[in-house]
Amino acid sequence: MSEHVYKQIELTGSSKTSIEDAVSNALAKAHETIRNIQWFTVTETRGHVVEGKVAYWQVSIKVGFTLD
């Protein structure tokens with residue numbers, strides 16, 4: 001097994017549907033420009049409320065990827 005060096009970035013994804021979709025949206029967008037994504041950690045979960053109901057979810061994540 002080779003040794004790796006990782007870099008972390010923080011992202012916030014959103015979704016009208018679910019927390020999981022918010023995470024998936026953030027990862028999918030990051031994947032467009034970042035290679036070698038290896039893991040993520042949820043750092044914060046919050047939502048926007050309209051008329052007493054959840055209008056959308058916001059999830060902040062730290063994403064780790066290996067450097068070339």
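Biologist: Where is the place of E51?

Modeller: In this predicted model, E51 sits in the loop between β2 and β3. Strands (E, at least two residues) and helices (H or I, at least four residues) are DSSP runs, numbered from the N terminus. The model is predicted: local features need pLDDT of at least 70, side-chain atom pairs count only at pLDDT 80 or more, and totals for chains, interfaces and linings use all residues. Residues are numbered from 1 along each chain as its sequence is written, and side-chain values use heavy atoms, with hydrogens and water left out.

Biologist: Why is E51 called exposed?

Modeller: The relative accessible area of E51 is 79%. A residue is exposed over 50%, buried under 20% and partly exposed in between, with a 1.4 Å probe and protein chains only. The value for E51 is over 50%, so E51 counts as exposed. The phi of E51 is near 50°, a positive value in a residue other than glycine.

Biologist: Which other residue has a positive phi, near 65°?

Modeller: That is N36, which is also not a glycine. N36 is found in the loop between α1 and β2.

Biologist: How many helices and strands does the protein chain have?

Modeller: The protein chain has one helix and three strands. Their pattern along the sequence is β-α-β-β.

Biologist: How does the radius of gyration of the protein chain stand against that of a compact globule of 68 residues?

Modeller: The protein chain has 14 Å, whereas such a globule would have a value near 11 Å. The radius is taken over C-alpha atoms, and the globule rule is 2.2 Å times the number of residues to the power 0.38. The C-alpha trace spans about 50 × 20 × 15 Å along its principal axes. Of the 68 residues, 22% count as buried.

Biologist: Why does A30 count as buried?

Modeller: A30 has a relative accessible area of 6%, which is under 20%, so A30 is buried. A30 belongs to helix α1, residues 19-31.

Biologist: What does A30 touch, not counting residues up to four places away in sequence?

Modeller: A30 touches L11 and I37. A contact requires heavy atoms within 4.5 Å.

Biologist: Is S15 buried or exposed?

Modeller: S15 has 8% relative accessibility, under 20%, so S15 is buried. This residue is in strand β1, residues 6-15. Leaving out residues up to four places away in sequence, S15 touches D21, A22, N25, Y56 and W57. S15 and Q38 are 23 residues apart in sequence, and 22 Å separates them from C-alpha to C-alpha.

Biologist: Which strand holds K62?

Modeller: K62 is in strand β3, residues 53-66. At 35% relative accessibility, K62 is partly exposed. Beyond four places in sequence, the residues it touches include Q8, I9, W39 and F40. K62 and W39 are 23 residues apart along the chain, with 8.4 Å between their C-alpha atoms.

Biologist: How do you know that R35 and D68 meet in a salt bridge?

Modeller: Their side chains are 2.2 Å apart, N to O. A salt bridge is a side-chain nitrogen of Lys or Arg within 4 Å of a carboxyl oxygen of Asp or Glu, so this pair meets the definition.

Biologist: What parts does the pair of R35 and D68 tie together?

Modeller: R35 lies in the loop between α1 and β2 (37-50) and D68 in the segment after β3, so the pair ties together parts that are 33 residues apart in sequence. Both residues are exposed.

Biologist: How many salt bridges does a search of the whole structure find?

Modeller: The search finds three. Another joins E32 and K29, at 3.2 Å from N to O, and both of these residues are exposed. E44 and R46 also meet in a salt bridge, at 3.0 Å from N to O.

Biologist: Why are E44 and R46 called partly exposed?

Modeller: E44 has 40% relative accessibility and R46 has a relative accessible area of 29%. Both values fall between the cut-offs, so each residue counts as partly exposed.
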